[in-house]
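Welcome! Here is a short tour of one protein chain, taken a topic at a time. Have a look at the structure before reading on.

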Amino acid sequence: MDALFEEASRLCNAKVRGDTVPDGMVPVLERYGTVILDGGCAGALETRIGRKLDDDLWTAEGLVTGEVEGVHRDYVESGADVVITASYQASYEGFEKKGYTKEDATKFLEKSVVLARASGAKIVAASSGPYAAMLADGSEYNPQYKTAEHLPSLISFHEARLDALLSQSPDYIAFETIPCAVEVAAIVALLQKKPYPPAWVSVPLSSDATLVSGESLSHLATLIAKHDLNHQIKAVGINCTHPKHATPAIRILVSSLAPSPQPRHLICHPHSRKQWDP
């Protein structure tokens, strides 16, 4: 796992920049003690539109129709501090498969931030789901790309989407359901290139201490802290994980991140106990 992070850093020419990135969560934490994230987008969107999302675009379908805006508003009205954009499964490759142009895809990615901002949320986090989400085959829970040879394509995949998402100035970047160490390494290295907005990285687990890829959560957290040279990653956590793993996993993260001189928030966004059904 160490070698993956070293190679990703080399590919991105990662180095200390000497700048700092403001953390929009701090004022909310100082006032309330916790930050409340919104809930799952898919289920809420399905309820709103009255049918199942069975398209490869998944929640990104709500960007095409604009219907996801109501989901964001509902969550804010229910007390959410953070609204996460519906761009988790939105990618240039995914939109191209559905017949859209690159220009269309860029507009939809930008629109995801605009719609989330319209909700009035304190914090808008631009979702950047894993490469697996673009495949639309459930690879988030059984990733087949776990070696260093995939690093260049993973870096390019995330960088292209970030350019579009960040044109609308989200407060945070949410790298969600990142299933394996090689993709986390690509993200950490990419964020060292320039002053991106603050980010969080959350991973899905198969046990209290293990990613769905079989890799160690503790070791991964240690490497994130080590290679995040510019403290771009303000929070680390779990998502799309059974609630029974949440407390043990958070304890592992607290212990693993403690030696780092830079404090990081903890993200806990478990699922509703439902299993993905292919």
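## Before we start

A residue is called buried when its relative accessible area is under 20%, exposed when it is over 50%, and partly exposed in between. Arg 73, for example, has 35% relative accessibility, so it counts as partly exposed. Please keep in mind that this is a predicted model.

Arg 73 forms a salt bridge with Glu 69, and their closest N and O atoms are 3.0 Å apart. Both residues belong to helix H5 (residues 68-77), where they sit four residues apart, about one turn of the helix. An α-helix has 3.6 residues a turn, so residues three or four places apart point the same way. Glu 69, at a relative accessible area of 23%, is partly exposed.

Asp 81 and Lys 122 form another salt bridge, with their closest N and O atoms 2.9 Å apart. Asp 81 is in the loop between H5 and strand E1 (82-84) and Lys 122 in the loop between H7 and strand E2 (123-127), so parts 41 residues apart in sequence are tied together. Is Asp 81 buried or exposed? With a relative accessible area of 5%, Asp 81 is buried, whereas Lys 122, at 45%, counts as partly exposed.

## Aromatic pairs

The whole structure holds seven aromatic pairs. In one of them, the rings of Tyr 131 and Tyr 145 have centres 5.4 Å apart and planes at 80°, so the pair is edge-to-face. Tyr 131 belongs to helix H8 (residues 131-135) and Tyr 145 to the loop between H8 and H9, so the pair ties together parts that are 14 residues apart in sequence. Tyr 131 is partly exposed at 24% relative accessibility, but Tyr 145 is buried at 5%.

For Tyr 172 and Trp 200, the ring centres are 5.9 Å apart and the planes are at 45°, so this pair is tilted. Tyr 172 in strand E3 and Trp 200 in strand E4 are 28 residues apart, and their pair links distant parts of the chain. Tyr 172 is buried at 0% relative accessibility, and Trp 200 is buried at 1%. Elsewhere, Phe 95, Tyr 100 and Phe 108 make up one aromatic cluster.

## The nonpolar cores

The largest nonpolar core has 44 residues, and Phe 175, Val 184 and Val 203 have the most contacts inside it. Among the elements that give two or more residues to this core are H1, helix H9 (151-165), H11 and H12. H10 gives the most, with nine residues. Beyond its sequence neighbours within four places, Val 203 is in contact with residues including Val 184, Leu 217, Leu 220 and Ile 238. A second, separate core of 26 residues includes Ile 49, Leu 57, Phe 108 and Val 124.

## A closer look at H11

Helix H11 spans residues 217-227, and its buried residues include Leu 217, Leu 220, Ile 224 and His 227. Helix H1 (2-11), helix H10 (181-190) and strand E5 (233-239) are among the elements that cover them. At the start of H11, a side-chain oxygen of Ser 216 comes within 3.3 Å of the backbone nitrogen of Ser 218.

Note on methods:
Residues are numbered from 1 along each chain as its sequence is written. This is a predicted model: local features need pLDDT of at least 70, side-chain atom pairs count only at pLDDT 80 or more; totals for chains, interfaces and linings use all residues. Side-chain values use heavy atoms; hydrogens and water are left out. Buried means under 20% relative accessible area, exposed over 50%, partly exposed in between (1.4 Å probe, protein chains only). Contact means heavy atoms within 4.5 Å. A polar contact is a pair of N or O atoms within 3.5 Å; within protein, one must be able to donate a hydrogen and the other to accept it, and residues adjacent in sequence count only if both atoms are side-chain atoms. A nonpolar core is a set of buried Ala, Val, Leu, Ile, Met, Phe, Trp, Tyr and Cys residues joined through side-chain atoms within 4.5 Å. Rings of Phe, Tyr and Trp (its six-membered ring) pair if their centres lie within 6.5 Å; planes under 30 degrees apart count as stacked, over 60 as edge-to-face and the rest as tilted. A salt bridge is a side-chain nitrogen of Lys or Arg within 4 Å of a carboxyl oxygen of Asp or Glu.
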